[in-house]
Amino acid sequence: MYLSAVGFILLLFSTSCKKQLEVKNPNDPTFQVNVNSESGLAAYAKGGIYWNGFNYGDGWLGDSYFSLPWGYHELMGDVIGGGQGSNNQTTTMGVPDKFQADPNDPTTVFTNPSPQAASIIRSFNNSAATANANNALFYEWTNMYAMIKACNLTLANVGNVPLTADKANTIKAWAYWWKGYAYAQLGTLYYAGLIVEEENTVNNTIVSKFVNQTALIAESNKNLNLAMTTLNAITNQGDYSDVIAELIPAQCQVGLGKPLSSAQWVRTINTMLARNILLNHLSPFVNGNPSATITKSTITAMTAADWQAVITLCNNGIKQGDFVFTGRTSASNSFFSTSGGSVAGILTGSNQTTTYKVGERLVQQFKAGDKRRANFTTAKGTFFGDANTNSTRYTLVDGIDSALTGIPILGSRKAGKLEIYIGPTFEENQLMLAEAKIRTNDIPGGLSLIDAVRDYQGSGVAHIAGNPLTAAQALTELTMERLAALAFRGLSFYDLRRWGWTYSIANGGGRYGVTLLFKGNVYTNATINYNFMDYWDVDADEIEKNPPSADSAPVVNPNY
């Protein structure tokens, strides 16, 4: 990658909605100056993830990876909407090609004059648009390749610092894990990408051979398995514990973010491997049909072997009470801020003023009487957006100010009080297992797991296990609970995509029976034809500076 091969990255610093490019060295501390001890190496390895990966270059809308890149995921997953005006294309990226608010009333049809794939993604995927903060494809690409670069440098230099074998292995596992994470993020979003090896980074070699998204996921899995093998080789848990406590920022070592044991980390890896399978295959469930098919897609459908692999991995995945990778803010020197550092932080407040808006389709996933609905209020009135699907009656409350207890707090702007789940969690593991069970004809087993997740999150919803639900009814419960329980964790678009909902109705996709505001009225049986690009083209900034080699995979999604 061009940006990984040179000694700097481009940072964007915000002045209102305008951006100014600045060249800055992200590698501080540097190996040449002060990384000659365990503490120095740990500081470098930590900074390479939380600052290079999740913060450097993120001074656009919000101030971290969890604000805009994850924001696009949630916008296209239709759990949030954008505000007035196109701030970093946040108003436009989540607007479907078409919807009909009332299937029986043709006067309620809305047609988007600027469809996402052609008018937004393709029109603004160029360096000039990036300079004006209008190229959505730039941001996640930059974050994740900055993270990969830092991991490669950590691996290249760990042998130069005096460490015990198990302390060195802990550092190596850290770098392998986060490389696996970064390639997973890239391969789950982009149609193609680059595999940047350790020696490429060390030698400043530009990699120009682009590979397809399947190869990116394979590279993710390779690194995740290297992390697992390295962790399993550790015998001195004291040495491991000393180092992992240095690698995780102190502000995050609260709640479920406390340092993981090596066994907990291995279980996290298993859950991540299951996620890589599930999110990068189709499992269509369109308009209540478990046998739906999508006729034009980048990815193939889940097979029986895939479902069994998910079951095996999740049975060995994250357990209730396991510590996981999280992020929290701090009063100073935080890698993301309370108000602008995350989707949840940006959402918290009044829907009349926040940049992101709580989506009607998100609140719809919480059943009547679900105690988790206390995260939302209608007291701030209705926001009417300039893109119809952005209109909403709901506001995300500050869960700390509202003294919410017994349920997950979805939003807060109080320093250190909001837990952002960076990697997979117990709930995600159980819901993947539930979906796999339903899809392999163990409907009762799947329903029990859905009940367990709802109980874990304090929903108070009546149990569904024991009821004679069909596969379609069980999958309806599953899709509702995934969107509700995993809100704002960067997964919603990928779920809608693999269920087939974001594909064109002409290709077997679409979303049915949803709540939507249109021309001042509330509709509860709307049909949405999103037709979103399933895997994004490669960022044009990369292509312009680093033209693909002759043996590269295509860098433009041919389906759009």
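Which helices and which strand are included in what covers the buried residues of H17? The legends below take up this question and further views of the predicted model.

Figure 1. Helix H17 spans residues 471–485 and reaches 21 Å from its first C-alpha to its last, close to the 21 Å expected for its 15 residues. Eleven of these 15 residues are buried, so H17 is largely enclosed by the rest of the structure. Among the buried residues are Ala474, Leu475, Leu478, Met480 and Leu483, and the charged residues Glu477, Glu481 and Arg482 are buried as well. The cover includes helices H11 (262–279), H14 (360–363), H15 (426–439), H16 (443–456) and H18 (492–498), together with strand S13 (511–518).

**Figure 2. The surroundings of Ser283.** Ser283 is located in the loop between H11 and helix H12 (304–315). With a relative accessible area of 3%, Ser283 is buried. Beyond residues up to four places away in sequence, Ser283 touches Met302, Trp307, Glu435, Arg439, Arg498 and Trp499.

**Figure 3. The salt bridge between Asp78 and Arg511.** The two side chains meet at 3.9 Å, N to O. This pair links distant parts of the chain, 433 residues apart: Asp78 is in the loop between helix H3 (69–76) and strand S3 (80–82), and Arg511 is in strand S13. Both Asp78 and Arg511 are buried.

**Figure 4. The salt bridge between Asp551 and Lys209.** The closest N and O atoms of the pair are 3.9 Å apart. Asp551 belongs to the segment after helix H19 (540–545), whereas Lys209 is in the loop between helix H8 (198–202) and strand S7 (210–212), 342 residues apart. Asp551 is partly exposed, with a relative accessible area of 48%; Lys209 is also partly exposed, at 42%.

**Figure 5. The salt bridge between Asp322 and Arg267.** The side chains of Asp322 and Arg267 meet at 2.8 Å, N to O. Asp322 lies in the loop between H12 and strand S8 (326–327) and Arg267 in helix H11, so the pair ties together parts that are 55 residues apart in sequence. Asp322 counts as buried at 7% relative accessibility, and Arg267 is buried with a relative accessible area of 19%.

**Figure 6. A salt-bridge network including Glu477 and Glu481.** Salt bridges with shared partners join Lys367, Asp370, Arg372, Arg454, Glu477 and Glu481 into one network. Glu477 and Glu481 are among the buried residues of H17.

Terms used: Residues are numbered from 1 along each chain as its sequence is written. This is a predicted model: local features need pLDDT of at least 70, side-chain atom pairs count only at pLDDT 80 or more; totals for chains, interfaces and linings use all residues. Side-chain values use heavy atoms; hydrogens and water are left out. Helices (H or I, at least four residues) and strands (E, at least two) are DSSP runs, numbered from the N terminus. The expected span of a helix is 1.5 Å times one less than its number of residues. Buried means under 20% relative accessible area, exposed over 50%, partly exposed in between (1.4 Å probe, protein chains only). Contact means heavy atoms within 4.5 Å. A salt bridge is a side-chain nitrogen of Lys or Arg within 4 Å of a carboxyl oxygen of Asp or Glu.
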